[in-house]
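Please look over the sequence and the structure before reading on.

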Amino acid sequence: MNAKTASTDQIDFNETNISVSFNKKADSKSTLTNTLEYSNLKVNYELGTYKTYQNLDGFNLIQDKLKFSHELSDRTSLDFSITPMVNFQSNLNASDFSILGSFEIKQQLNSKTNISIGAARTTVFGTPEFMPVLALNYVINNKSSLLIGFPDSKISYSNNSRNKFSLSNSFNGNFYHLDSQNNLDNNATKVSLYQMTSAIEYERNVDKNWFLNLKAGYDFDKKYNLIDNENHKVYDFNTGNGYVLGIGIKYKQ
């Protein structure tokens, strides 16, 4: 479970998220992982601004990600995922349904380095798009690791088995279908949210199975737009950039 707030000059975004994940060995070389997630986004506008859009204050997302991992050899593995999802304002209907997914090949270069390359249909830029994904993972030592890639990069350090510090940079975004009764004059059918986030994170293993996560960062190039059925921008809220703070708790069996 996570809670996050992101503030800009005239709009605040507050998101809560809960997810449940489990994995199972299909055989000696294959693993299935399933993650069910629900998130709720609340949008608070500064009093007196954007009066026409004050009813655009809450959005929901439900998705179920099924991931299949298979070892082709000692050094090569294959990851495939499919993610059905619904993104809606308050009234759920069939038109809110979308499918995301990814296909990646991971190659172990040596004992400390592996590289992953593939393609994904993702919403990191605020609309469903096909794009390449790339990651280079390097184990610096037994306390530190480095991930360089797109859409995520991260450097992590653990001073002991219970503490983990990270500095990350990620491209992230989503979209939500609007209720039909909004009847906005500009033909908008969806809202689109996108940003690049740089953050410092701290995770603490507070008990055997419980983990606490704290996050503080900044959103760059933040975009909050209304878009039409063809994903063309029809209105820009011009939010500007802003700070982001988050807290999360995780139970791991």
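The model is predicted. Its largest nonpolar core has 23 residues, and 17 aromatic pairs and 6 salt bridges are counted in the structure.

**Nonpolar core**

- Within the largest core, the residues with the most contacts are Leu 56, Phe 59, Tyr 224, Leu 226 and Phe 237.
- At least two residues of this core come from each of the strands β2 (11–25), β3 (30–45), β4 (58–71), β12 (190–205) and β13 (210–227).
- Strand β3 supplies the largest share of the core, with 3 residues.
- Not counting residues up to four places away in sequence, Phe 237 touches Ile 11, Tyr 45, Tyr 50, Tyr 53, Leu 56, Tyr 224, Asn 225 and Leu 226.

**Aromatic rings and charges over them**

- A cluster linked by ring pairs comprises Phe 13, Tyr 45, Tyr 50, Tyr 53, Tyr 224, Tyr 235 and Phe 237.
- The ring of Phe 13 also has the charged end of Lys 222 over it, 4.8 Å from the ring centre.
- The charged end of Lys 250 is placed over the ring of Phe 211, at 5.3 Å from its centre.
- Among the 17 aromatic pairs is the one between Tyr 218 and Phe 220, which is edge-to-face, with 4.9 Å between centres and 65° between the planes.
- Tyr 218 is partly exposed at 25% relative accessibility, and Phe 220 is partly exposed at 34%.

- Side chains of opposite charge can pair when their charged atoms come close.
- Glu 15 and Lys 4 form a salt bridge with an N to O distance of 3.6 Å. Because Glu 15 belongs to strand β2 and Lys 4 to strand β1 (residues 2–7), this pair ties together parts that are 11 residues apart in sequence.
- Lys 67 and Asp 79 form another, with their closest N and O atoms 3.8 Å apart. Lys 67 is in strand β4 and Asp 79 in strand β5 (residues 76–88), so the pair joins parts 12 residues apart in sequence.
- Lys 67 is partly exposed, at 30% relative accessible area, whereas Asp 79 is buried, at 13%.
- A salt bridge also links Lys 233 and Asp 236 (3.6 Å, N to O); Lys 233 is exposed at 53% relative accessibility, while Asp 236 is partly exposed at 21%.

**A buried loop residue**

- Asn 209 lies in the loop between β12 and β13.
- Asn 209 counts as buried because its relative accessible area is 18%, under the 20% limit.
- Leaving aside neighbours within four places in sequence, Asn 209 contacts Lys 250, Tyr 251, Lys 252 and Gln 253.

Terms used. Residues numbered from 1 in each chain as written. Predicted model: local features only at pLDDT ≥ 70, side-chain atom pairs only at ≥ 80, totals over all residues. Heavy atoms only, no water. Phe/Tyr/Trp six-rings, centres within 6.5 Å; stacked < 30°, edge-to-face > 60°. Buried < 20%, exposed > 50% of the residue type's maximum accessible area, 1.4 Å probe, protein only. Lys NZ or Arg CZ within 6 Å of the ring centre and 35° of its normal. Core = buried A, V, L, I, M, F, W, Y, C linked by side-chain atoms within 4.5 Å. Helix = DSSP H or I, 4+ residues; strand = E, 2+ residues; numbered from the N terminus. Contact = heavy atoms within 4.5 Å. Salt bridge = Lys/Arg side-chain N within 4 Å of Asp/Glu carboxyl O.
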